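I opened the model to look up its charged side-chain pairs. My notes follow.

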Amino acid sequence: GDADGRQLYRVAFRRAGDDPRLALRETVPGAAELAALRRRLDAIDRRGPDGPWTGAVLRLIDAEAGLPARDMAARLGMTRDPLKRRVRRLKELGLTESLETGYRLSPRGRALLAAFGRDGPD
């Protein structure tokens with residue numbers, strides 16, 4: 001401490017590196033990785049309290065890039081905040097990118113939809 005008994009703390013920050021999702025979303029997966037992504041999305045859908053949702057969200061983002069989250073949610077019959085949480089899960093898998101308003105599919109997300117047809121995951 002200093003002369004009057006108070007303590008002084010120093011906090012240092014340093015750059016930890018790039019967000020790993022940035023590189024992930026640019027990576028176009030091969031067949032084995034596509035199959036693993038499909039299994040992961042199927043598992044997410046099975047755990048959802050109101051049935052499968054990943055395919056519907058991916059297809060809507062594909063069709064309507066930049067659509068505001070509130071409008072996306074309305075089209076899917078839900079409210080904005082739960083939709084945003086769902087899109088974050090897809091973003092963690094490298095499938096979507098946030099725009100100034102709304103979202104778009106990443107190259108990885110487009111490859112997933114292409115592999116499974118426009119029907120995408122169930």
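I began with R38, which counts as buried because its relative accessibility is 18%. The cut-offs I used are under 20% relative accessible area for buried, over 50% for exposed, and partly exposed in between (1.4 Å probe, protein chains only).

This is a predicted model, so I noted that local features need pLDDT of at least 70, side-chain atom pairs count only at pLDDT 80 or more, and totals for chains, interfaces and linings use all residues. Residues are numbered from 1 along each chain as its sequence is written, and side-chain values use heavy atoms, with hydrogens and water left out.

Next I looked up the partner of R38. R38 forms a salt bridge with D42, and the closest N and O atoms are 3.5 Å apart. A salt bridge here is a side-chain nitrogen of Lys or Arg within 4 Å of a carboxyl oxygen of Asp or Glu. D42 counts as partly exposed, at 23% relative accessibility. I found both residues in helix α2 (residues 31–47), four residues apart, about one turn of the helix. Helices are DSSP runs of H or I, at least four residues, numbered from the N terminus.

How many salt bridges does the structure hold? I noted six.

I then checked R104 and E97. Their side chains meet in a salt bridge at 3.0 Å, N to O. E97 is buried, with a relative accessible area of 6%. R104 is partly exposed, at 38%.

My last entry is R80 with D81. Their salt bridge has its closest N and O atoms 3.2 Å apart. R80 counts as partly exposed at 33% relative accessibility. D81 is partly exposed too, with a relative accessible area of 39%.

Conventions: Helix = DSSP H or I, 4+ residues; strand = E, 2+ residues; numbered from the N terminus.
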